[in-house]
Amino acid sequence: MLDKMIFGRYVPLDSLVHRMDPRSKLLLVFFFVCIVFLANNLITYGILAVFTLALIALSKIPARFLFNGLKPILFLILFTLLLHILFTKEGDVIYDFGFIEIYEGGLRQGLYISFRFTLLILVTSLLTLTTSPISITDGLEQLLGPLKKWKMPVHELALMMSISLRFIPTLMEETEKIMKAQTARGVDFTSGPIKERVKSIVPLLVPLFVSSFKRAEELAIAMEARGYRGGEGRTKYRQLSWHAVDTLLLCTLAVLTILLLLFRSY
Amino acid sequence: MRIELQDVEYRYQMNTPFESLAIHDVNIEINPGSYVAIIGHTGSGKSTLLQHLNALIKPTKGRVIIGERTIESGRKEKQLRPIRQKVGIVFQFPEHQLFEETVEKDICFGPVNFGIPKEEAKIRARKALKQVGLAEEILEKSPFDLSGGQMRRVAIAGMLAMQPEVLVLDEPTAGLDPRGRKEIMDMFYQLHKEQGMTTVLVTHSMEDAARYADEIVIMHQGTVYQKGTPFEIFSQPEQLMELGLDVPDTVRVQLKLQKELGVRFDHPCLSIEDLALEVKRVMERGSR
């Protein structure tokens, strides 16, 4: 199951999307997240879907892998859908079970919102799948750079982010290792009554916490031993470079926004 | 209990861009009452191999026969718990799996999961603790207050208290000091000798493999490169060295004597005592 988690993972391939500047990718994702909320009918959602699929195709990430990665959050999507179907009371009643009525508006809303959710997850996963954690942090640090004037700890934030991203796979590995060790001691994580399964979390979480704290401490010591003193006057080995593609892509996004505004129903 | 692997292949993360072949065409048998050592470099597939021994992972091809059960790819398996009770795996750095408030509870955790009554489990805990060479006083302590070596022993005791029929050990002494190493390895050997415990030892140490095992399996690049008794394996030390694997110090001394003095030995010596006798014999033969 854990193998399928794609969030926070980087797939090193050579594609247009991979080569893009992390700054433009970050901006792209940021604006995409904003304009997704402009869509409110079939055409606008269609436009967004086409754009997302085009990005996926350009990234060369195998579509099957990406969609498999959605499986762990399928539950959340279905849950949203269900909530809307059951509780949004808009438009005509299309089905009446007596104790529950399903409204046309509720069904539509539910479908749209789960689709929106899917798009958001796809695009944000695409960002982490095509950009190494280090580039993301570099990009973020530069984008937020101006905020330093207002005493925002930009470098520290970026560092925190890169450390968390860096340790997601490590934590996953660790989880799997401990799960296996406890399975060998007779814990059943995958079947059995709910009560037992909830109880089985403890033998997993305690060792995970213990090792995470230990690791954090070791990391801090290692950083200090190598003379880390924060971002002041720190130079960069990796230089970011903005290319025509990056500008082009952001322009596409602008066009997308205009299209959405045009076809949006009021 | 007998364990057999037939043409086993295992791929990690099938159908993703991270897919990788860990082991392939592995055929081995582990007979009841034997002591098998599995040796190989890091990344040779040892750890993947041993997870098949109690069905923690399912082969992506081939099959694993554990006692009466057959684990095959593509078939859903239920009720794996009995297998896990009979085949106990002590993972690398087993102290990472400790979690209970007291040592006693932690040792009892495995047995209780397998349906052993609490009282019986407590008796087993005391016995297991004694086997690993710890005093009963620590039963009430938190496992996190112990030293690294003690934690390791407690974790091993937790596995022993399950009273498995087959004990699988993944580098059980990694990171211990030489004395602790010897104590723990001797303890496992005693268990094997006295109770006929089937033992599978994954190790880097040729000395341990030579001293304790009846059979050695050499893993190389995900498959079985060679298997045989320690005698068979170490009679061709050059082959091992070509793979970049070590040979026991005693065999190395023999090799050196052969090369520099031209003496000939009849068989590889796997212990210092044996080597001393051999050298004495060869010298007497030479002087006559």
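The centres of domain 1 and domain 2 of chain B, taken over C-alpha atoms, are separated by 34 Å. This is a predicted model, in which local features need pLDDT of at least 70 and side-chain atom pairs count only at pLDDT 80 or more, while totals for chains, interfaces and linings use all residues. Residues are numbered from 1 along each chain as its sequence is written, and chains are lettered from A and ligands numbered from 1 in the order in which they are written.

**Domains of chain B**

- Domain 1 of chain B covers 3-247 and domain 2 covers 248-288; domain bounds come from an automatic or database domain assignment.
- Their contact takes 10 residues from domain 1 of chain B and 9 residues from domain 2 of chain B, two residues being in contact if their C-beta atoms, placed from the backbone, lie within 7 Å.
- On the side of domain 1 that touches domain 2, the elements giving two or more residues are helix H7 (206-212) and helix H8 (230-234) of chain B. Helices (H or I, at least four residues) and strands (E, at least two) are DSSP runs, numbered from the N terminus.
- H7(B) provides the largest share of that side, 4 residues.
- By class, that side of domain 1 has 7 nonpolar, 1 polar and 2 charged residues. Ala, Val, Leu, Ile, Met, Phe, Trp, Tyr, Cys and Pro count as nonpolar, Asp, Glu, Lys and Arg as charged, and the others, Gly among them, as polar.

**Record annotation**

- UniProt, in an unreviewed entry, lists residues 3-246 of chain B for "domain: ABC transporter"; such annotations may be inferred rather than shown by experiment, and their positions are given in the numbering used here, with feature names shortened.
- The span 3-246 of chain B is 35% helix and 26% strand, and its end C-alpha atoms lie 28 Å apart.

**Open sheet of chain B**

- In chain B, 4 strands form an open sheet in the order S2-S1-S4-S5, with antiparallel pairing; two strands pair if DSSP finds at least two bridges between them.
- Strand S2 (20-30) and strand S5 (69-72) of chain B are the edge strands, each pairing on one side only.
- Strand S4 (residues 61-66) of chain B is joined to S5(B) by 4 bridges, and the two run antiparallel.
- Ile66(B) stands opposite Arg69(B) in S5(B).

**Interface of chains A and B**

- In this interface, 20 residues of chain A are in contact with 23 residues of chain B.
- Helix H8 (154-184) and helix H10 (202-225) of chain A are the elements that give two or more residues to the side of chain A that touches chain B.
- The residues of that side of chain A divide into 12 nonpolar, 4 polar and 4 charged.
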